[in-house]
Amino acid sequence: MPDPDAGQLVPEPRTSDDSGRRAGLYDDFEAFRTPTDTDYYKLFTGGLIIPDTNVFLNLYRYNEQTRNDLLTVLERLGDHLWVPHQVMHEFWRNRENVLKDPQDTDTCISQLTRHREQATGTFRAWANRVSLPQERSTTLRQVIEKAFDEVIAEVTELAGEHSWDDARDTYTDPVLGALESLLDGHVGRALNQAEHDKALREARSRAEQKRPPGYKDHNKTDGTAAGDYLIWAQVLREAAVTQRDVLLITGDVKEDWWRREHGQARGPRPELVRELKEHANVKLYMLRPESLLLRARQALKIDVRDESLEDAERVDRSLTDADRVRGSWDVILDAVQERSLVAAEFLRSATVDSMDEDALTIWFRRSSAGQQFIDSGSSAALSGALLEVLGIQRRITVGFAENRHLGTYGPPRFWTSPDTPPEAADDAADE
């Protein structure tokens, strides 16, 4: 402010906290600081390491080598490993669904079958254009079909070798066998009824205010909308008791957990870092599962194979793509509605299952709704919305949930849209 005597500007005094300590570069901005190797070593040897639900569910999705490497890392963390009760609740709730098809074999077979039909159709059209003799056309078409059938048969056989059917009984599940001893004494207590009710109210309030974490799940209707905040509430409580810095391991990539820069997850949301510091006076760090393997290998000198890192990244990437769609589902539905009110109405009863480089797979709770979605040509509206909101172009694969949940009575039934040019998707009209 001006000094009337000197006629010069007098600097404002530096701000201090209540203890009189002056602030520095990272004070109140800890979320923007990149952790060092030393930070990770201190976390692994003195922090509170907290795996999210997907860390344990991914043990069914990884190959055997990756699974063993992750279990070795978790075992080495010893007393620093702590699991919120809500994480275990979600693990048991989702375990059976993951066991149905952890390697996405059904989707692979469905897509190979579709590609076989497209290849034979493309060849048949060409053969007709050049008037290829019928006998020659039939022979070449059979070559195409045989090649696809051999691959499909091989995939089916390999999937059978890695089947988790024997793991449905808990006493024959090798993952549970490993986790039982690993997690003994490392799972937190559940919130009591009063605490639980208070947390649910807080979760609803945060969702309305778009305060992290959990607001991206507010549209869930299966009773899981508050799950992320329930985990966070238990983390806050445990951190306050132990007074140890927290390293949260999660495959969740939604924006209500991560600070994102140019589409990349760069660290925990600043609001979460600040809340944990205010509540427990400790720091918050976050890693994805594949990054945990890499950091543990470097900091603890654990033998983690490169192939395990690649497999973990593959699984994480496949789940991440679907999470991007789930996290933007409300916006996508709005974009669909602008193209087709009918398509948007059908999609309100659908859930996002998975997405790969070729197709987005959605499941309908009722096969009749899924069939109506197909028959109405509504996939074009969804394709156009995906392109508009996320900048991605995918075919749409529809799965029928009744068959999915009756695995012993028959394989899941899929339908996949044909190629849908962006302009066609954009031109999808209301009915």
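A: Start with burial: a residue is buried under 20% relative accessible area, exposed over 50%, and partly exposed in between (1.4 Å probe, protein chains only). This is a predicted model, where local features need pLDDT of at least 70, side-chain atom pairs count only at pLDDT 80 or more, and totals for chains, interfaces and linings use all residues. Residues are numbered from 1 along each chain as its sequence is written, and side-chain values use heavy atoms, with hydrogens and water left out.

Arg288 is buried at 14% relative accessible area. Glu290 is also buried, at 14%. Arg288 and Glu290 form a salt bridge (a side-chain nitrogen of Lys or Arg within 4 Å of a carboxyl oxygen of Asp or Glu), with the closest N and O atoms 3.4 Å apart. Elsewhere, salt bridges with shared partners join Glu202, Arg206, Arg211 and Glu275 into one network.

Helices here are DSSP runs (H or I, at least four residues), numbered from the N terminus. Glu202 is partly exposed at 24%, whereas Arg206 is buried at 2%.

Next, Arg95 and Asp173 meet in a salt bridge at 2.9 Å, N to O. This pair links distant parts of the chain, 78 residues apart. Arg95 sits in helix H4 (residues 85-100), and Asp173 in the loop between helix H6 (134-161) and helix H7 (174-182). Arg95 is buried at 3%. Asp173 is buried at 3% too.

The whole structure holds 18 salt bridges.

Definitions and conventions. Helices (H or I, at least four residues) and strands (E, at least two) are DSSP runs, numbered from the N terminus.
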